[in-house]
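The sequence and structure come first, and the notes follow.

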Amino acid sequence: MTGRAAASSGARAWAGISLLALPTVLLGLDVTVLYLVLPSMSADLGPSATQTLWIMDVYGFLLAGFLVAMGALGDRMGRRQLLMIGITAFAAVSVFAAFAPNSELLIAARALLGIAGATLMPSTLSLISNMFAEPRQRAMAIGVWATMFAVGMAAGPILGGVLVDRFWWGAAFLVAVPIAAIVLMLGRMLLPEYADPRAGRLDLSSVALSLAAILPIVYAVKHAAAEGFDASVAIAAAMGLTAGAVFWRRQRRLDDPLLDVTLFRNRAFSVALTVLLIGLVGVGGTMYLVTQYLQLVEGLSPFVAGLWMGPPALAMFAAGIGAPRLARRIRPGYVMGGTLGVSLIGYGLLATVSLDDKLPVAAAFALVYLGLGAIAALGTDIVVGSAPASKSGSAASLSETVQELGIAIGVAILGSLTTSIYRTQLTVPEALSRSETAALADSLSATVAIADDLPAGTLVDAQLAFTTGLNIASLAAGLAIAAATVLCLRMLRHLPRLGHEQHDQKAELSVGRWSDYSGR
(Lines give C-alpha, C1' and ligand atoms only; values in the text may rest on other atoms or scores of the structure.)
Protein backbone atom coordinates (compact mmCIF):
# COMPACT_ATOMS: atom_id res chain seq x y z
CA MET A 1 0.00 0.00 0.00
CA THR A 2 1.40 3.40 -0.94
CA GLY A 3 1.01 6.70 0.81
CA ARG A 4 0.30 7.15 4.48
CA ALA A 5 -0.69 3.92 6.17
CA ALA A 6 -3.95 3.71 8.01
CA ALA A 7 -3.60 3.65 11.78
CA SER A 8 -3.42 0.21 13.37
CA SER A 9 -6.08 -0.73 15.86
CA GLY A 10 -5.13 -1.58 19.42
CA ALA A 11 -6.04 -4.07 22.12
CA ARG A 12 -9.48 -2.58 22.75
CA ALA A 13 -10.50 -3.16 19.13
CA TRP A 14 -9.36 -6.78 19.23
CA ALA A 15 -11.17 -7.26 22.54
CA GLY A 16 -14.21 -5.80 20.80
CA ILE A 17 -13.87 -8.40 18.05
CA SER A 18 -13.89 -11.10 20.72
CA LEU A 19 -17.15 -9.68 22.04
CA LEU A 20 -18.69 -9.36 18.57
CA ALA A 21 -17.79 -12.99 18.01
CA LEU A 22 -20.38 -14.04 20.60
CA PRO A 23 -23.56 -12.85 18.81
CA THR A 24 -21.97 -13.95 15.54
CA VAL A 25 -21.44 -17.49 16.84
CA LEU A 26 -24.96 -17.41 18.29
CA LEU A 27 -26.50 -16.62 14.91
CA GLY A 28 -24.52 -19.40 13.29
CA LEU A 29 -25.65 -21.79 16.01
CA ASP A 30 -29.28 -20.89 15.48
CA VAL A 31 -29.01 -21.72 11.78
CA THR A 32 -27.90 -25.31 12.39
CA VAL A 33 -28.54 -26.25 16.01
CA LEU A 34 -31.89 -27.81 15.10
CA TYR A 35 -30.29 -30.22 12.62
CA LEU A 36 -29.49 -32.76 15.33
CA VAL A 37 -32.30 -31.59 17.62
CA LEU A 38 -34.84 -32.31 14.89
CA PRO A 39 -35.57 -36.01 15.58
CA SER A 40 -36.10 -35.41 19.33
CA MET A 41 -38.20 -32.31 18.66
CA SER A 42 -40.25 -34.19 16.05
CA ALA A 43 -40.95 -37.01 18.49
CA ASP A 44 -42.19 -34.46 21.05
CA LEU A 45 -44.16 -32.01 18.88
CA GLY A 46 -45.06 -34.29 15.96
CA PRO A 47 -44.71 -31.76 13.11
CA SER A 48 -45.63 -32.71 9.55
CA ALA A 49 -42.91 -32.74 6.87
CA THR A 50 -44.01 -29.27 5.73
CA GLN A 51 -44.01 -27.92 9.30
CA THR A 52 -40.55 -29.39 9.82
CA LEU A 53 -39.19 -27.49 6.84
CA TRP A 54 -40.83 -24.28 8.10
CA ILE A 55 -39.29 -24.77 11.55
CA MET A 56 -35.90 -25.22 9.92
CA ASP A 57 -35.91 -22.37 7.43
CA VAL A 58 -38.41 -19.66 8.48
CA TYR A 59 -35.66 -18.23 10.69
CA GLY A 60 -33.32 -17.74 7.75
CA PHE A 61 -36.05 -16.45 5.45
CA LEU A 62 -37.18 -13.66 7.79
CA LEU A 63 -33.63 -12.86 8.82
CA ALA A 64 -32.81 -12.37 5.14
CA GLY A 65 -35.98 -10.35 4.60
CA PHE A 66 -35.22 -7.82 7.35
CA LEU A 67 -31.44 -7.50 7.02
CA VAL A 68 -31.49 -4.63 4.53
CA ALA A 69 -33.90 -2.60 6.67
CA MET A 70 -31.98 -3.29 9.87
CA GLY A 71 -28.65 -2.39 8.28
CA ALA A 72 -30.04 0.99 7.28
CA LEU A 73 -31.65 1.44 10.71
CA GLY A 74 -28.32 0.79 12.42
CA ASP A 75 -26.64 3.47 10.30
CA ARG A 76 -29.25 5.95 11.54
CA MET A 77 -29.87 5.08 15.20
CA GLY A 78 -26.39 3.75 15.97
CA ARG A 79 -24.92 0.34 15.23
CA ARG A 80 -24.02 -0.45 18.83
CA GLN A 81 -27.44 0.61 20.11
CA LEU A 82 -29.20 -1.60 17.57
CA LEU A 83 -26.93 -4.49 18.56
CA MET A 84 -27.91 -4.10 22.22
CA ILE A 85 -31.63 -3.95 21.43
CA GLY A 86 -31.37 -6.91 19.09
CA ILE A 87 -29.46 -9.21 21.44
CA THR A 88 -31.99 -8.52 24.20
CA ALA A 89 -34.91 -9.39 21.92
CA PHE A 90 -33.10 -12.48 20.64
CA ALA A 91 -32.60 -13.84 24.16
CA ALA A 92 -36.23 -13.20 25.13
CA VAL A 93 -37.64 -14.93 22.05
CA SER A 94 -35.21 -17.84 22.50
CA VAL A 95 -36.77 -18.55 25.90
CA PHE A 96 -40.19 -18.54 24.22
CA ALA A 97 -38.95 -21.01 21.58
CA ALA A 98 -37.41 -23.31 24.19
CA PHE A 99 -40.78 -23.89 25.83
CA ALA A 100 -43.00 -23.84 22.71
CA PRO A 101 -45.74 -26.44 23.31
CA ASN A 102 -46.55 -27.15 19.65
CA SER A 103 -45.20 -26.85 16.12
CA GLU A 104 -47.21 -23.74 15.26
CA LEU A 105 -45.81 -21.71 18.17
CA LEU A 106 -42.29 -22.96 17.49
CA ILE A 107 -42.59 -21.76 13.89
CA ALA A 108 -43.77 -18.36 15.19
CA ALA A 109 -40.84 -18.23 17.62
CA ARG A 110 -38.37 -19.07 14.87
CA ALA A 111 -39.86 -16.29 12.75
CA LEU A 112 -39.40 -13.76 15.57
CA LEU A 113 -35.85 -14.99 16.08
CA GLY A 114 -35.18 -14.25 12.43
CA ILE A 115 -36.38 -10.65 12.82
CA ALA A 116 -34.34 -10.18 16.01
CA GLY A 117 -31.31 -11.79 14.37
CA ALA A 118 -31.53 -9.30 11.50
CA THR A 119 -30.56 -6.54 13.94
CA LEU A 120 -27.35 -8.36 14.90
CA MET A 121 -25.70 -9.36 11.65
CA PRO A 122 -25.20 -5.96 9.98
CA SER A 123 -24.40 -4.35 13.34
CA THR A 124 -21.53 -6.71 14.11
CA LEU A 125 -20.03 -6.63 10.63
CA SER A 126 -20.35 -2.89 10.02
CA LEU A 127 -18.84 -2.09 13.44
CA ILE A 128 -15.69 -3.85 12.25
CA SER A 129 -15.33 -1.21 9.53
CA ASN A 130 -15.32 1.46 12.25
CA MET A 131 -12.92 -0.41 14.53
CA PHE A 132 -10.29 -1.34 11.93
CA ALA A 133 -9.00 1.15 9.38
CA GLU A 134 -5.77 -0.62 8.36
CA PRO A 135 -6.51 -2.97 5.40
CA ARG A 136 -4.69 -6.10 6.60
CA GLN A 137 -6.11 -5.79 10.10
CA ARG A 138 -9.58 -5.28 8.74
CA ALA A 139 -9.26 -8.27 6.41
CA MET A 140 -8.12 -10.42 9.33
CA ALA A 141 -10.90 -9.06 11.57
CA ILE A 142 -13.52 -9.85 8.92
CA GLY A 143 -11.94 -13.28 8.50
CA VAL A 144 -12.30 -13.87 12.24
CA TRP A 145 -15.90 -12.62 12.12
CA ALA A 146 -16.81 -14.85 9.17
CA THR A 147 -15.04 -17.78 10.79
CA MET A 148 -16.99 -17.33 14.01
CA PHE A 149 -20.28 -17.45 12.12
CA ALA A 150 -19.05 -20.53 10.30
CA VAL A 151 -17.86 -22.06 13.58
CA GLY A 152 -21.30 -21.41 15.04
CA MET A 153 -22.87 -23.21 12.08
CA ALA A 154 -20.45 -26.10 12.49
CA ALA A 155 -20.82 -26.29 16.27
CA GLY A 156 -24.62 -26.14 16.12
CA PRO A 157 -25.14 -29.86 15.49
CA ILE A 158 -22.52 -30.80 18.12
CA LEU A 159 -24.01 -28.54 20.78
CA GLY A 160 -27.52 -29.60 19.82
CA GLY A 161 -26.57 -33.24 20.23
CA VAL A 162 -25.03 -32.66 23.68
CA LEU A 163 -28.01 -30.65 24.95
CA VAL A 164 -30.58 -33.14 23.67
CA ASP A 165 -28.73 -36.05 25.28
CA ARG A 166 -28.44 -34.30 28.65
CA PHE A 167 -31.57 -32.14 28.79
CA TRP A 168 -34.31 -31.75 26.15
CA TRP A 169 -34.56 -30.22 22.69
CA GLY A 170 -35.62 -26.79 24.00
CA ALA A 171 -32.32 -26.36 25.85
CA ALA A 172 -30.65 -25.66 22.50
CA PHE A 173 -32.40 -22.27 22.37
CA LEU A 174 -31.39 -21.22 25.90
CA VAL A 175 -27.74 -20.79 24.88
CA ALA A 176 -28.71 -17.27 23.78
CA VAL A 177 -29.41 -16.10 27.34
CA PRO A 178 -25.84 -16.13 28.79
CA ILE A 179 -24.40 -14.81 25.52
CA ALA A 180 -26.82 -11.87 25.58
CA ALA A 181 -25.91 -11.15 29.21
CA ILE A 182 -22.19 -10.93 28.39
CA VAL A 183 -22.74 -8.66 25.36
CA LEU A 184 -24.99 -6.32 27.34
CA MET A 185 -22.48 -6.08 30.21
CA LEU A 186 -19.38 -5.40 28.09
CA GLY A 187 -20.76 -3.82 24.92
CA ARG A 188 -20.61 -0.17 25.98
CA MET A 189 -17.10 -0.67 27.32
CA LEU A 190 -15.51 -2.33 24.30
CA LEU A 191 -17.56 -1.29 21.26
CA PRO A 192 -17.63 2.16 19.66
CA GLU A 193 -20.91 3.79 18.69
CA TYR A 194 -21.36 4.86 15.11
CA ALA A 195 -24.26 6.56 13.38
CA ASP A 196 -23.97 8.18 9.97
CA PRO A 197 -24.42 11.91 10.66
CA ARG A 198 -25.49 12.47 7.05
CA ALA A 199 -28.16 9.78 7.04
CA GLY A 200 -31.72 11.01 6.74
CA ARG A 201 -34.86 9.42 8.07
CA LEU A 202 -35.59 5.78 7.43
CA ASP A 203 -37.77 5.49 4.32
CA LEU A 204 -40.60 3.23 5.48
CA SER A 205 -41.90 2.82 1.91
CA SER A 206 -38.56 1.31 0.96
CA VAL A 207 -38.69 -1.01 3.97
CA ALA A 208 -42.13 -2.24 2.92
CA LEU A 209 -41.00 -2.68 -0.68
CA SER A 210 -37.91 -4.67 0.37
CA LEU A 211 -40.09 -7.08 2.34
CA ALA A 212 -42.63 -7.24 -0.49
CA ALA A 213 -39.80 -8.21 -2.83
CA ILE A 214 -37.98 -10.81 -0.73
CA LEU A 215 -40.75 -12.67 1.09
CA PRO A 216 -42.96 -13.57 -1.93
CA ILE A 217 -39.92 -14.80 -3.84
CA VAL A 218 -38.90 -16.89 -0.85
CA TYR A 219 -42.41 -18.34 -0.71
CA ALA A 220 -42.33 -19.11 -4.44
CA VAL A 221 -39.02 -20.96 -4.14
CA LYS A 222 -40.18 -22.93 -1.09
CA HIS A 223 -43.58 -23.83 -2.49
CA ALA A 224 -42.20 -24.81 -5.89
CA ALA A 225 -39.59 -27.04 -4.24
CA ALA A 226 -42.12 -28.71 -1.94
CA GLU A 227 -45.30 -28.87 -4.02
CA GLY A 228 -44.24 -28.17 -7.59
CA PHE A 229 -44.89 -25.24 -9.88
CA ASP A 230 -48.46 -23.97 -9.79
CA ALA A 231 -50.42 -20.72 -10.04
CA SER A 232 -49.51 -19.60 -6.52
CA VAL A 233 -45.81 -19.89 -7.34
CA ALA A 234 -46.21 -17.78 -10.47
CA ILE A 235 -48.27 -15.14 -8.65
CA ALA A 236 -45.86 -14.93 -5.71
CA ALA A 237 -42.81 -14.71 -7.98
CA ALA A 238 -44.45 -12.01 -10.09
CA MET A 239 -45.38 -10.01 -6.99
CA GLY A 240 -41.85 -10.27 -5.61
CA LEU A 241 -40.16 -9.32 -8.87
CA THR A 242 -42.51 -6.39 -9.39
CA ALA A 243 -41.91 -5.10 -5.87
CA GLY A 244 -38.17 -5.60 -6.39
CA ALA A 245 -38.21 -3.52 -9.57
CA VAL A 246 -40.14 -0.71 -7.84
CA PHE A 247 -37.74 -0.89 -4.88
CA TRP A 248 -34.72 -0.65 -7.18
CA ARG A 249 -36.08 2.40 -9.01
CA ARG A 250 -37.00 4.10 -5.74
CA GLN A 251 -33.49 3.59 -4.33
CA ARG A 252 -31.96 5.20 -7.41
CA ARG A 253 -34.13 8.29 -6.96
CA LEU A 254 -33.71 8.81 -3.23
CA ASP A 255 -30.96 11.08 -1.91
CA ASP A 256 -30.58 8.81 1.11
CA PRO A 257 -31.65 5.32 -0.03
CA LEU A 258 -32.32 2.35 2.19
CA LEU A 259 -29.92 0.39 -0.01
CA ASP A 260 -27.20 1.95 -2.14
CA VAL A 261 -27.78 0.09 -5.40
CA THR A 262 -24.79 1.77 -7.03
CA LEU A 263 -22.64 -0.76 -5.17
CA PHE A 264 -23.69 -3.34 -7.77
CA ARG A 265 -21.78 -1.43 -10.43
CA ASN A 266 -18.64 -2.94 -8.94
CA ARG A 267 -18.17 -6.34 -10.55
CA ALA A 268 -16.14 -7.73 -7.67
CA PHE A 269 -18.96 -6.83 -5.29
CA SER A 270 -21.64 -8.48 -7.42
CA VAL A 271 -19.63 -11.63 -8.17
CA ALA A 272 -18.63 -12.10 -4.52
CA LEU A 273 -22.30 -11.87 -3.50
CA THR A 274 -23.23 -14.45 -6.14
CA VAL A 275 -20.53 -16.85 -4.97
CA LEU A 276 -21.66 -16.48 -1.35
CA LEU A 277 -25.25 -17.20 -2.34
CA ILE A 278 -24.40 -20.32 -4.35
CA GLY A 279 -21.97 -21.59 -1.72
CA LEU A 280 -24.46 -21.30 1.12
CA VAL A 281 -27.22 -22.96 -0.91
CA GLY A 282 -25.00 -26.01 -1.30
CA VAL A 283 -23.77 -26.11 2.29
CA GLY A 284 -27.12 -25.35 3.91
CA GLY A 285 -28.92 -28.09 2.05
CA THR A 286 -26.25 -30.77 2.39
CA MET A 287 -25.77 -30.12 6.13
CA TYR A 288 -29.51 -30.58 6.64
CA LEU A 289 -29.33 -33.93 4.84
CA VAL A 290 -26.04 -35.17 6.31
CA THR A 291 -27.15 -34.66 9.91
CA GLN A 292 -30.35 -36.59 9.18
CA TYR A 293 -28.33 -39.35 7.49
CA LEU A 294 -26.11 -39.81 10.55
CA GLN A 295 -29.09 -40.19 12.88
CA LEU A 296 -31.84 -41.74 10.78
CA VAL A 297 -29.77 -43.98 8.48
CA GLU A 298 -26.72 -44.77 10.63
CA GLY A 299 -28.77 -44.77 13.85
CA LEU A 300 -26.37 -42.55 15.83
CA SER A 301 -27.49 -40.68 18.92
CA PRO A 302 -27.58 -36.86 18.67
CA PHE A 303 -24.39 -36.59 20.73
CA VAL A 304 -22.42 -39.13 18.68
CA ALA A 305 -23.70 -37.65 15.41
CA GLY A 306 -22.54 -34.26 16.68
CA LEU A 307 -19.06 -35.65 17.30
CA TRP A 308 -18.93 -36.89 13.71
CA MET A 309 -19.52 -33.26 12.67
CA GLY A 310 -16.40 -32.19 14.57
CA PRO A 311 -13.85 -32.77 11.76
CA PRO A 312 -15.90 -30.67 9.28
CA ALA A 313 -16.04 -27.90 11.88
CA LEU A 314 -12.25 -27.96 12.22
CA ALA A 315 -11.86 -27.87 8.43
CA MET A 316 -14.06 -24.78 8.18
CA PHE A 317 -12.23 -23.08 11.04
CA ALA A 318 -8.86 -23.72 9.39
CA ALA A 319 -10.07 -22.37 6.04
CA GLY A 320 -11.69 -19.28 7.57
CA ILE A 321 -8.52 -18.32 9.45
CA GLY A 322 -6.05 -19.47 6.82
CA ALA A 323 -7.69 -18.03 3.68
CA PRO A 324 -7.02 -14.33 4.51
CA ARG A 325 -3.40 -15.17 5.32
CA LEU A 326 -3.00 -17.18 2.13
CA ALA A 327 -4.57 -14.31 0.16
CA ARG A 328 -1.57 -12.15 1.12
CA ARG A 329 0.50 -14.33 -1.24
CA ILE A 330 -2.09 -15.60 -3.74
CA ARG A 331 -4.88 -13.53 -5.28
CA PRO A 332 -8.18 -13.93 -3.40
CA GLY A 333 -10.07 -15.15 -6.46
CA TYR A 334 -7.66 -18.04 -6.87
CA VAL A 335 -7.82 -18.91 -3.16
CA MET A 336 -11.63 -18.96 -3.24
CA GLY A 337 -11.77 -20.89 -6.52
CA GLY A 338 -9.16 -23.39 -5.37
CA THR A 339 -10.89 -24.23 -2.10
CA LEU A 340 -14.26 -24.50 -3.83
CA GLY A 341 -12.61 -26.88 -6.30
CA VAL A 342 -11.47 -29.04 -3.39
CA SER A 343 -14.99 -28.95 -1.95
CA LEU A 344 -16.28 -30.44 -5.21
CA ILE A 345 -14.53 -33.68 -4.21
CA GLY A 346 -16.70 -33.67 -1.09
CA TYR A 347 -19.91 -33.22 -3.06
CA GLY A 348 -18.82 -36.01 -5.38
CA LEU A 349 -18.24 -38.37 -2.44
CA LEU A 350 -21.67 -37.52 -0.99
CA ALA A 351 -23.18 -38.39 -4.35
CA THR A 352 -21.83 -41.96 -4.03
CA VAL A 353 -22.37 -42.90 -0.37
CA SER A 354 -24.64 -45.75 0.66
CA LEU A 355 -25.58 -47.36 3.97
CA ASP A 356 -22.92 -47.76 6.70
CA ASP A 357 -20.72 -44.99 5.30
CA LYS A 358 -20.27 -42.75 8.37
CA LEU A 359 -16.58 -42.10 7.76
CA PRO A 360 -16.91 -41.24 4.04
CA VAL A 361 -19.84 -38.92 4.82
CA ALA A 362 -17.90 -37.06 7.54
CA ALA A 363 -14.79 -36.80 5.35
CA ALA A 364 -16.84 -35.58 2.39
CA PHE A 365 -18.59 -32.95 4.45
CA ALA A 366 -15.24 -31.75 5.84
CA LEU A 367 -14.19 -30.97 2.26
CA VAL A 368 -17.51 -29.18 1.68
CA TYR A 369 -16.94 -27.07 4.79
CA LEU A 370 -13.39 -26.27 3.70
CA GLY A 371 -14.77 -24.38 0.71
CA LEU A 372 -17.33 -22.59 2.86
CA GLY A 373 -14.71 -21.28 5.28
CA ALA A 374 -12.69 -19.68 2.51
CA ILE A 375 -15.55 -18.00 0.65
CA ALA A 376 -17.17 -16.81 3.89
CA ALA A 377 -13.99 -15.03 4.97
CA LEU A 378 -12.73 -13.66 1.64
CA GLY A 379 -16.11 -13.15 -0.02
CA THR A 380 -17.37 -11.08 2.90
CA ASP A 381 -14.17 -9.03 2.91
CA ILE A 382 -14.57 -8.30 -0.81
CA VAL A 383 -18.21 -7.25 -0.37
CA VAL A 384 -17.62 -4.98 2.62
CA GLY A 385 -14.30 -3.71 1.26
CA SER A 386 -16.00 -2.57 -1.95
CA ALA A 387 -17.99 0.06 -0.03
CA PRO A 388 -16.85 3.22 1.79
CA ALA A 389 -17.17 3.22 5.58
CA SER A 390 -20.36 5.31 5.46
CA LYS A 391 -22.02 2.60 3.34
CA SER A 392 -20.64 -0.43 5.16
CA GLY A 393 -24.06 -1.02 6.73
CA SER A 394 -25.60 -1.52 3.29
CA ALA A 395 -22.75 -3.75 2.17
CA ALA A 396 -22.85 -5.79 5.38
CA SER A 397 -26.61 -6.28 5.18
CA LEU A 398 -26.39 -7.45 1.57
CA SER A 399 -23.63 -9.90 2.41
CA GLU A 400 -25.64 -11.42 5.22
CA THR A 401 -28.88 -11.35 3.23
CA VAL A 402 -27.48 -13.56 0.48
CA GLN A 403 -25.82 -15.93 2.96
CA GLU A 404 -28.92 -16.41 5.10
CA LEU A 405 -31.12 -16.66 2.03
CA GLY A 406 -28.70 -19.19 0.56
CA ILE A 407 -28.91 -21.43 3.62
CA ALA A 408 -32.70 -21.26 3.72
CA ILE A 409 -33.05 -21.88 -0.02
CA GLY A 410 -30.61 -24.77 0.22
CA VAL A 411 -32.66 -26.44 2.96
CA ALA A 412 -35.88 -25.85 1.03
CA ILE A 413 -34.70 -26.99 -2.41
CA LEU A 414 -32.32 -29.84 -1.52
CA GLY A 415 -34.53 -31.00 1.35
CA SER A 416 -37.60 -31.04 -0.87
CA LEU A 417 -35.68 -32.70 -3.71
CA THR A 418 -34.56 -35.46 -1.35
CA THR A 419 -38.12 -35.92 -0.03
CA SER A 420 -39.45 -36.18 -3.57
CA ILE A 421 -36.86 -38.81 -4.52
CA TYR A 422 -37.46 -40.65 -1.25
CA ARG A 423 -41.16 -40.98 -2.04
CA THR A 424 -40.44 -42.03 -5.63
CA GLN A 425 -37.95 -44.73 -4.59
CA LEU A 426 -40.01 -46.01 -1.67
CA THR A 427 -41.78 -49.36 -1.82
CA VAL A 428 -44.84 -49.42 0.47
CA PRO A 429 -45.88 -52.89 1.71
CA GLU A 430 -49.53 -53.72 1.09
CA ALA A 431 -50.13 -54.94 4.66
CA LEU A 432 -49.69 -51.51 6.25
CA SER A 433 -52.54 -49.59 7.81
CA ARG A 434 -53.55 -46.20 6.44
CA SER A 435 -51.72 -44.32 9.22
CA GLU A 436 -48.57 -46.41 8.78
CA THR A 437 -48.64 -45.84 5.03
CA ALA A 438 -49.00 -42.10 5.56
CA ALA A 439 -46.06 -42.04 8.01
CA LEU A 440 -43.87 -44.09 5.70
CA ALA A 441 -44.58 -41.81 2.75
CA ASP A 442 -44.23 -38.61 4.78
CA SER A 443 -40.55 -38.78 5.72
CA LEU A 444 -37.78 -41.03 6.98
CA SER A 445 -38.04 -39.53 10.48
CA ALA A 446 -41.72 -40.51 10.63
CA THR A 447 -40.79 -43.99 9.44
CA VAL A 448 -38.10 -44.40 12.12
CA ALA A 449 -40.66 -43.41 14.78
CA ILE A 450 -42.88 -46.41 13.89
CA ALA A 451 -40.10 -48.77 12.80
CA ASP A 452 -41.02 -51.43 15.38
CA ASP A 453 -44.49 -51.79 13.88
CA LEU A 454 -43.31 -52.17 10.28
CA PRO A 455 -42.62 -55.43 8.40
CA ALA A 456 -39.02 -56.63 8.32
CA GLY A 457 -36.90 -54.80 5.76
CA THR A 458 -39.24 -51.82 5.41
CA LEU A 459 -37.00 -49.48 7.40
CA VAL A 460 -33.91 -50.49 5.41
CA ASP A 461 -35.79 -49.83 2.15
CA ALA A 462 -36.77 -46.40 3.45
CA GLN A 463 -33.17 -45.65 4.47
CA LEU A 464 -31.95 -46.65 1.01
CA ALA A 465 -34.56 -44.37 -0.58
CA PHE A 466 -33.42 -41.45 1.58
CA THR A 467 -29.77 -42.13 0.78
CA THR A 468 -30.58 -42.06 -2.93
CA GLY A 469 -32.16 -38.67 -2.38
CA LEU A 470 -28.99 -37.51 -0.60
CA ASN A 471 -26.89 -38.73 -3.53
CA ILE A 472 -28.90 -36.85 -6.14
CA ALA A 473 -29.20 -33.68 -4.04
CA SER A 474 -25.42 -33.67 -3.48
CA LEU A 475 -24.84 -34.05 -7.21
CA ALA A 476 -27.13 -31.09 -7.89
CA ALA A 477 -25.36 -29.00 -5.26
CA GLY A 478 -21.98 -29.96 -6.71
CA LEU A 479 -22.98 -28.70 -10.15
CA ALA A 480 -23.89 -25.33 -8.63
CA ILE A 481 -20.57 -25.19 -6.72
CA ALA A 482 -18.71 -25.94 -9.95
CA ALA A 483 -20.31 -22.84 -11.47
CA ALA A 484 -19.25 -20.79 -8.43
CA THR A 485 -15.70 -22.11 -8.82
CA VAL A 486 -15.56 -20.89 -12.40
CA LEU A 487 -16.93 -17.49 -11.33
CA CYS A 488 -14.13 -17.08 -8.79
CA LEU A 489 -11.36 -18.13 -11.14
CA ARG A 490 -12.55 -16.01 -14.08
CA MET A 491 -14.32 -12.99 -12.58
CA LEU A 492 -12.29 -12.37 -9.41
CA ARG A 493 -8.81 -13.16 -10.71
CA HIS A 494 -8.03 -9.46 -11.14
CA LEU A 495 -8.28 -8.66 -7.42
CA PRO A 496 -4.86 -7.97 -5.86
CA ARG A 497 -3.39 -9.86 -2.96
CA LEU A 498 -4.45 -8.60 0.46
CA GLY A 499 -2.29 -5.71 1.57
CA HIS A 500 -1.27 -4.86 -2.00
CA GLU A 501 -4.15 -2.45 -2.80
CA GLN A 502 -2.98 0.84 -4.27
CA HIS A 503 -4.89 3.18 -1.94
CA ASP A 504 -3.75 5.75 0.57
CA GLN A 505 -5.58 6.27 3.86
CA LYS A 506 -7.98 8.91 2.57
CA ALA A 507 -9.02 6.84 -0.42
CA GLU A 508 -9.26 3.75 1.75
CA LEU A 509 -11.79 5.29 4.10
CA SER A 510 -13.89 7.22 1.60
CA VAL A 511 -14.02 4.96 -1.43
CA GLY A 512 -13.45 1.37 -0.26
CA ARG A 513 -10.56 -1.03 -0.74
CA TRP A 514 -11.93 -2.84 -3.77
CA SER A 515 -13.75 0.06 -5.44
CA ASP A 516 -11.17 0.45 -8.20
CA TYR A 517 -11.24 -3.24 -9.06
CA SER A 518 -14.51 -3.50 -10.94
CA GLY A 519 -13.40 -5.91 -13.60
CA ARG A 520 -10.31 -4.57 -15.24
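**Cores and helix contacts**

The largest nonpolar core has 151 residues, of which Phe90, Leu106 and Ile128 touch the most other members. A nonpolar core is a set of buried Ala, Val, Leu, Ile, Met, Phe, Trp, Tyr and Cys residues joined through side-chain atoms within 4.5 Å. The model is predicted: local features need pLDDT of at least 70, side-chain atom pairs count only at pLDDT 80 or more, and totals for chains, interfaces and linings use all residues. Residues are numbered from 1 along each chain as its sequence is written, and side-chain values use heavy atoms, with hydrogens and water left out.

- Another core, of 8 residues, lies apart from it and includes Val218, Leu405, Ala408 and Ile409.
- Not counting residues up to four places away in sequence, Ile128 touches Ile17, Leu20, Arg138, Ala141, Ile142 and Trp145 (contact means heavy atoms within 4.5 Å).

**H12 and H14**

- The axes of helix H12 (residues 310–326) and helix H14 (residues 358–385) come within 7 Å and cross at roughly 30 degrees; axes are lines fitted to C-alpha atoms, for helices over the stretch in contact, and angles run from 0 to 180 degrees between N-to-C directions.
- H12 is therefore roughly parallel to H14 (angles under 35 degrees count as roughly parallel).
- By class, their contact has 17 nonpolar, 2 polar and no charged residues; Ala, Val, Leu, Ile, Met, Phe, Trp, Tyr, Cys and Pro count as nonpolar, Asp, Glu, Lys and Arg as charged, and the others, Gly among them, as polar.
- Residues of H12 in this contact include Pro311, Met316 and Gly320, and those of H14 include Phe365, Tyr369 and Leu378.

**H10 and H13**

- The axes of H10 and helix H13 (residues 332–350) come within 13 Å and cross at roughly 30 degrees.
- That angle makes H10 roughly parallel to H13.
- Val275, Gly282, Val283, Thr286 and Val290 in H10 meet Met336, Leu340, Tyr347 and Leu350 in H13.
- This contact has 7 nonpolar, 2 polar and no charged residues.

**Gly346**

- Gly346 lies in helix H13.
- Gly346 counts as buried because its relative accessibility is 0% (buried means under 20% relative accessible area, with a 1.4 Å probe and protein chains only).
- Beyond its neighbours within four places in sequence, Gly346 is in contact with Ala364, Leu367 and Val368.
- From C-alpha to C-alpha, Gly346 and Phe365 are 5.9 Å apart in space, and they are 19 residues apart in sequence.

Key: Buried means under 20% relative accessible area, exposed over 50%, partly exposed in between (1.4 Å probe, protein chains only). Helices (H or I, at least four residues) and strands (E, at least two) are DSSP runs, numbered from the N terminus. Angles under 35 degrees count as roughly parallel, over 145 as roughly antiparallel, 65 to 115 as roughly perpendicular and the rest as oblique.
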